[in-house]
Amino acid sequence: MSAESIIKSQARDILKHNYVKAIAALAIILIPYYIIDGTTTVISCVVPQFVSDETTSTFLVYSIGYPVEIIMGFLFSPIINGYIRAFYIAAYSETIDMKDVFYYFGSGRYISALGLNMRFIIRMLLPALILFSPLIAYVIIGSVYAPEFSKTFLYNEVYFILALLSTITTTLYSLRYFTVFTVSADNPDFTPKEVFQYNKYIMKHRTGSAAKLIFSFTPWLLLCLLILPMLYVIPYMTQSLCISAKWMTKAALEENN
């Protein structure tokens, strides 16, 4: 049995007794983002009713609506840290505690979580822009120089391939930070700088293992398009990734000893 199969088996064993809590935890992090996104959608529909000029209304939506959505999404981001913490602690205790989802909204933890998230975003922003640059260039060239082609089936096919390749390469790059949020859960007193330093130590020579586990979920993600609901797959993936982070951390500590 492969390491990925063992980790997935352990994840299923934990979720057998915690599935309702796992779904509730996922709902907790999704609800505020659905509200934020829904509000922006409503604003984008309402603004044109009061501003007759299309250019002006579009400018207002993109210059005010979407920046506000991004800011609000960032301010709510510690709920994602708490979601990961809940599943990571369950990797040890085999019990998901809903209080962990709100852990980073406690006194003194919220700002620290925002600082960690900001550092993660900054570290990922430039690489993501570079890796998505072929897709961005393709869209710009198509819309400016070949607007008719941008309406064709071939354009959409090439767009899908470029988007898929950009997403895969960005995911692979992000694996160097695979244990950032679990290290933070393990060491709440660490500064963001110390979290990234410890993560770097843990992930040395281990990004390949993380990649194998993530891509082993490809069939599950494809099934989500047809049969399985994401409400099952996302908790399953999260628990598996947290178990993997647990074993990587233990392996790194044993190497140090």
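User: How many salt bridges does a search of the whole structure find?
Analyst: The search finds three salt bridges, a salt bridge being a side-chain nitrogen of Lys or Arg within 4 Å of a carboxyl oxygen of Asp or Glu. Please note that this is a predicted model, in which local features need pLDDT of at least 70 and side-chain atom pairs count only at pLDDT 80 or more, while totals for chains, interfaces and linings use all residues. Residues are numbered from 1 along each chain as its sequence is written, and side-chain values use heavy atoms, with hydrogens and water left out.
User: Which side chain meets lysine 16 in a salt bridge?
Analyst: That of aspartate 13, at 3.7 Å from N to O. Both residues lie in helix H1 (residues 3-16), three residues apart, about one turn of the helix.
User: Changing topic, how many helices and strands are there?
Analyst: The protein has 12 helices and zero strands. Both are DSSP runs numbered from the N terminus, with at least four residues (H or I) for helices and at least two (E) for strands.
User: Which residues form the positive surface patch?
Analyst: Arg119, Arg123, Lys193, Lys200 and Lys204 form the positive patch. Patch residues have over 30% relative accessible area (Shrake-Rupley method, 1.4 Å probe, only the protein chains shown counting as cover) and no salt bridge; like charges are joined within 9 Å, and nonpolar side chains (Val, Leu, Ile, Met, Phe, Trp, Tyr) within 5 Å. Lys and Arg count as positive, Asp and Glu as negative, and His and the chain ends are not counted; a charge is placed at NZ of Lys, CZ of Arg, CG of Asp or CD of Glu.
User: Which helices supply at least two residues of that positive patch?
Analyst: Helix H5 (110-131) and helix H9 (192-202) do. Lysine 193 is in helix H9.
User: What about the nonpolar patch, which residues make it?
Analyst: Its residues include Met118, Ile121, Ile140 and Val144, and the patch covers about 1000 Å². H5 and helix H6 (133-145) give two or more residues to the nonpolar patch, and valine 144 is found in helix H6.
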